[in-house]
Amino acid sequence: MALLDTTDIIILTVIAILTAVYIRYFKDSGSKTVTVGGAGSVAASSGPAGSVKPGSAESPRAYGKKSILKKLQALDHPSQLILFYGSQTGTAEDLATRIAKDTTTHFNIPTLICDPEEYDMTELTRWPGEAEGKKWLCGFFMATYGEGEPTDNVVEFYDWIMAGKGKGEDDGGQDDGGDDPLEDDALDGFKYIVFGLGNKTYEHYNAIGRRLDKRLKSLGGVRIGERGEGDDDASMEEDFLAWKPSILAAMAEYFNVEDAGSIGQRDKPHVPLFEIAPATNISQAQVFWGEYSAGKPRRWQKAQDGEEDYEMVDSGVGEKFVEVRSRKIAYDAKHPHYGRILTSKPLFIDVHDEYTFDNTYHMPRAGHKRYLVENTKVRIERHCLHVDLDISGSGLKYETGDHVGVWPVNDEEHLMRLAKALGLTEEELDKVVILKPNKQNMAAESAKVPFPVPCTVRTALLHYLDLAAIVKQYQLEILAKYCKDTAERDLLFELADNRELYVPLIERSRKDLADVLDVFQSIEVPIAVVLGELLPRIAVRYYSISSSSKEEPNHVGVTAVMVRYALPSQFPSHRVKDGKEGNVVVKQGIATSWLQRLHEARSGLEAEAGVLNNHSETEPIPIPKFYLPLYIRTSNFKLPRNPRLPVVMVGPGTGVAPFRAFVRERYHLASTSPEMKVGPTWLFYGCRHPDKDFLYRAEFEAMEKGVASGQVDLDLKVFKAYSRYEGKKVYVQHMVRDNGKDVWKMMGEMGGYFYVCGDAKHMAHDVQNALTELALKFGGMASEDKAKAWVKDLRTKGRYLEDVWS
Ligand SMILES: Cc1cc2nc3c(=O)[nH]c(=O)nc-3n(C[C@H](O)[C@H](O)[C@H](O)COP(=O)(O)OP(=O)(O)OC[C@H]3O[C@@H](n4cnc5c(N)ncnc54)[C@H](O)[C@@H]3O)c2cc1C
Ligand SMILES: Cc1cc2nc3c(=O)[nH]c(=O)nc-3n(C[C@H](O)[C@H](O)[C@H](O)COP(=O)(O)O)c2cc1C
């Protein structure tokens, strides 16, 4: 008998071809320490950063995971610390980096910071004991997401270490009854620390940090010090700072070293973590212009006459671009796809938010395009945009209810304000640089270049670094060391030490680096320190997709409300002006103001501040205007598989985004396949005023009309709660209560699904309380506890789903 039959041979041939294609096309997407243009080394990091361009050096490593043990051996030091982070938007990675910096400077102990996704985590079971006087310690900085889930970069490690027990109760972990591949003593003698990142407004607070801690212990691991927990709802920073001294003390005891602290080192000059290497022998094509990954996703060049492909509209001047077809690449969070903005339109505009200040503040200049100042009042325009992004041809797929992540670009006006404060000339901004770890700094070993290089200083400041980030206390300490004026330096050190001073002067008024440099004018800080230590990377922004994948599989809809607000900002003592204590500042969100600028430029309107124009006459360009780096993040927020089941949706404000998609999808199904008998589809929507900020009003009304006229057979209802209309304040939870009997029927009797989207802080709780009350009132529950247990059970069964953010 032949060993292989024809089908086997066909399958094996297909596998062989696919493997070859995979290696041929995707092998650049790994990451590795490489030499760029002969000018220095760049340690690749997690997320879309730290990349090197293809062709600029040896290709990054393919798919094999890196060895933790080899890394540790290479450090060749009797004490070693390795920190892993589970991070979606960078906070966990940032905190791990800060602990690493402290252990190197305070204890003189080399520390590695690693993305678990890149390492062979099964090596933890072969962790070296404390033989020959060596001390090894492992740290986990783990954020929790969704319904108590790990971040994307931790999923694989988490599934392996938890061995099927990872999705249970937060204090335990349910045993699924399956075989546990890890022995009870698999981590015998393994020493570790844990800091969990979470948010108390979520049901499964800090679930991942807690479950991991418990599991490591049950496998024989020994935790050093207390487990830290940070609550993003209150203050992650406060929680981290409160935990830090105790964990440093515990580590000092474990490693048997003296904690030199940082205050004792104030007289010593700052040793920068990175230095700038000259970018010599580098071609234009090797330079990054805002791309997030080396695996060149797409390139465009100006179309020749008669050549038609992607249309670009350049602030009123028509320009055609053709895409330079490149090799295929799998897009993900580390290799975003550049999706074109297909449409952008205002959903509402000009609804004002009013802020009133007392007269001890300088008011901002009047007559600004986005706000009005009247005496002590600042009135800010509110805007909301609908944007459709093109994912056709990318291989990306989404399902209704998923999220899209986008990386925004800073405002050029903000960049110029910072450049001025730093004394950077246009020429210096346009210089191509390579940032590389500075060997003089003990922490250089684990320092990761935070953005792809080589790039210009301008690109780094516009595309990769968050110019609006509030300056942290440890960064004020760095700045103090570059301060020429003694009084300013003393004040900066005081702010770095004294939280009671720092919070009102810096944190509450959201002072970013440009703001601080403006106040402390004697600071002269090198650009390598600015790029490598004073500005965090720009974090991805998520949006709940507001289009239906059934209706528009190639388009991703985003519904974004502009973030813009006014704040009082006190001056530090040395800058009090005219006897007034401070000024009023108007701040704006990075992503939403950028979307608005893109919209205005697309529409031929005068954009508020420049939209980067990187269109080259001669060379292919990396990212044309109106293309956003994006990726799709799958979520559990999904319609029931059985369309006959009722759905109850509660989504005020932009919380309506996924429900626009849900309602459209169910309406579409009911109109095209009436035999499916789509179940009740009830939406509770809230806004301020029906004529001012009602999102997608025309669309909902058209569907309501279609139903009322009998054209479509669907029990569709859109309940409207207006909070500033006819002198009443009505909120979504009131409407849910008012329709309690029917809501109960759908949820308690008909097996319905309940969805909540939008504000995590207040609304989500109020709505949950309203549903609990309905269970008591209409469901005959004997007590409030029973009603609460019923809602909890709905969650466990996946029939109460939240998509909330704060
Ligand atoms: C899963 C998920 C889905 C989301 N879906 C949507 C969506 O569909 N639509 C949508 O519009 N947004 C959505 N968001 C929020 C979105 O990701 C961004 O956070 C939001 O658009 C603001 O981004 P930005 O870059 O403009 O603001 P940023 O530059 O990030 O600034 C926002 C920060 O400014 C500060 N801030 C804001 N207002 C004030 C104030 N009045 N006083 C003091 N400080 C203030 C807050 O610290 C806030 O975190 C979602 C978030 C998540 C996590
Ligand atoms: C969409 C979303 C879901 C979240 N879900 C949870 C959760 O279930 N439990 C929790 O404790 N925190 C939750 N959080 C809070 C995050 O864990 C917290 O903001 C953390 O600081 C993020 O860290 P990162 O920036 O490293 O990704 C959630 C945050 C977001 C944006």
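Which helix and strands each supply at least two residues of the shell around ligand 1?

**Entry 1: basis.** I worked from a predicted model, in which local features need pLDDT of at least 70 and side-chain atom pairs count only at pLDDT 80 or more, while totals for chains, interfaces and linings use all residues. Residues are numbered from 1 along each chain as its sequence is written, ligands are numbered from 1 and chains lettered from A in the order in which they are written, and side-chain values use heavy atoms, with hydrogens and water left out.

**Entry 2: shell of ligand 1.** I found that strand 21 (541-544), strand 22 (555-561), strand 23 (564-570), helix 15 (590-602) and strand 30 (800-805) each supply at least two residues; helices (H or I, at least four residues) and strands (E, at least two) are DSSP runs, numbered from the N terminus. Strand 21 gives the most, with 4 residues. Of the 20 residues around ligand 1, those that come nearest include Tyr 542 and Thr 559 (near: a heavy atom within 4 Å). Because domain 2 (293-409 + 540-632) and domain 4 (647-805) both give residues to the shell, ligand 1 lies between them; the bounds come from an automatic or database domain assignment.

**Entry 3: atom pairs.** I looked up the oxygen atoms of ligand 1. One lies 2.9 Å from a polar side-chain atom of Arg 510, and one is 2.9 Å from a polar backbone atom of Ile 590. For Tyr 565, a polar side-chain atom lies 3.5 Å from an oxygen atom of the ligand. Taken alone, ligand 1 exposes 980 Å², and the protein buries 70% of that (Shrake-Rupley method, 1.4 Å probe).

Note on methods:
Polar contact = N/O pair within 3.5 Å; in protein donor to acceptor, adjacent residues only side chain to side chain.
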